[in-house]
Amino acid sequence: MGQAVSADSSSSRRLSQPRPLAPQACVPAKAAKDTDTELMRVFKSFDADADGRISASEIQKLRRCTTAEAKEMVAAVDSDGDGFISIEEFGALLDDGESDALRMAFQEYDENGDGMITAEELFRALRRVLPDEDLTVEKCSEMIAGVDKDGDGLISFDEFKAMMETKSS
């Protein structure tokens, strides 16, 4: 956290120590609910065994990094020292829009690694996380339209980051 993230997809990036979070802005109840829902969706994409916490082995599988790198990533955000990333720790991490975790979350949706999330990629990612949800590619296109600042029908990393910063506020 607090470390600038480049656009490369290197798995050897490291997380720096957490910095104090900025005071949270007041948000309407619906926005807070949307924040919780989006945060949970992203969290679930990392929590492969659905035990409510992200382990180093889950990070290692997702990032295809070494065990030591995965443990270091977890340790950098594990504020309670239990060896896992909880939803609260994950949310605090996403409050810093320049974190590796945010980049990793984006990459989970950006299947082909082109730096953009299409409606089809969003649909497939959300189906993995929410298999019982009534989702269509058309609904995913509508979701994208809500955050697509440049109107290209895709979500760039900057748009994803802005969406998460807004939802974390």
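**Ground rules.** Local features are reported where pLDDT is at least 70, side-chain atom pairs count only at pLDDT 80 or more, and totals for chains, interfaces and linings use all residues of this predicted model. Numbering starts from 1 along each chain as its sequence is written, and side-chain values use heavy atoms, with hydrogens and water left out.

**The chain as a whole.** The protein chain has eight helices and four strands, where helices (H or I, at least four residues) and strands (E, at least two) are DSSP runs numbered from the N terminus. Going along the sequence, you read α-β-α-α-β-α-α-β-α-α-β-α. Of the 169 residues in the protein chain, 42% are buried; buried means under 20% relative accessible area, exposed over 50%, and partly exposed in between, with a 1.4 Å probe and protein chains only. Take the contacts (heavy atoms within 4.5 Å) in the protein chain between residues at least 6 apart in sequence: 57% of them join residues at least 24 apart.

Helix α2 covers residues 56–63, and its buried residues are Ala-56, Glu-58, Ile-59 and Arg-63. Looking down the axis of α2, these fall within an arc of 160°, so they line one face of the helix; the arc is that of the directions from the helix axis to the C-beta atoms. As background, an α-helix has 3.6 residues a turn, so residues three or four places apart point the same way.

Helix α3 (residues 67–77) meets α2 at roughly 120°, and the two axes come within 8 Å. That makes α2 oblique to α3: under 35 degrees counts as roughly parallel, over 145 as roughly antiparallel, 65 to 115 as roughly perpendicular, and the rest as oblique. The axes here are lines fitted to C-alpha atoms, for helices over the stretch in contact, and angles run from 0 to 180 degrees between N-to-C directions. The crossing of α2 and α3 is right-handed; a crossing gets that label if the near helix is turned clockwise from the far one by less than a right angle, and left-handed if anticlockwise. On the α2 side the contact uses Ala-56, Ile-59 and Gln-60, and on the α3 side Thr-67, Ala-70, Lys-71, Met-73 and Val-74. By class, that contact divides into five nonpolar, two polar and one charged, with Ala, Val, Leu, Ile, Met, Phe, Trp, Tyr, Cys and Pro taken as nonpolar, Asp, Glu, Lys and Arg as charged, and the others, Gly among them, as polar.

Ala-56 counts as buried at 16% relative accessibility. Leaving aside neighbours within four places in sequence, Ala-56 is in contact with Ala-70, Lys-71 and Val-74. Gln-60 is partly exposed, with a relative accessible area of 26%. With the neighbours within four places again set aside, Gln-60 is in contact with Cys-65, Thr-66, Thr-67 and Ala-70.

**Helix α6 against α7.** Further along, helix α6 (residues 119–129) packs on helix α7 (residues 137–145) at about 110°, with the axes 8 Å apart. That makes α6 roughly perpendicular to α7. Here, too, the crossing is right-handed. From α6 the contact takes Ala-119, Glu-120, Leu-122, Phe-123 and Leu-126, and from α7 it takes Val-137, Cys-140, Ser-141, Met-143 and Ile-144. The class tally for α6 with α7 is eight nonpolar, one polar and one charged.

The buried residues of α6 are Ala-119, Glu-121, Leu-122, Ala-125, Leu-126 and Val-129. They cover an arc of only 155° around the axis, which puts them on the same side of α6.

Glu-89 sits in helix α4 (residues 87–94) and counts as buried at 6% relative accessibility. Apart from neighbours within four places in sequence, Glu-89 is in contact with Val-77, Asp-78, Ser-79, Asp-80 and Phe-84. Ala-50 lies in the loop between α1 (29–46) and β1 (53–54), and counts as exposed at 64% relative accessibility. Ala-50 is not a glycine, yet has a positive phi of about 55°.

Here are some C-alpha to C-alpha distances for residues discussed above.

| Pair | Apart in sequence | C-alpha separation |
|---|---|---|
| Glu-89 and Ser-79 | 10 residues | 6.9 Å |
| Ala-56 and Glu-69 | 13 residues | 8.6 Å |
| Gln-60 and Met-73 | 13 residues | 9.5 Å |
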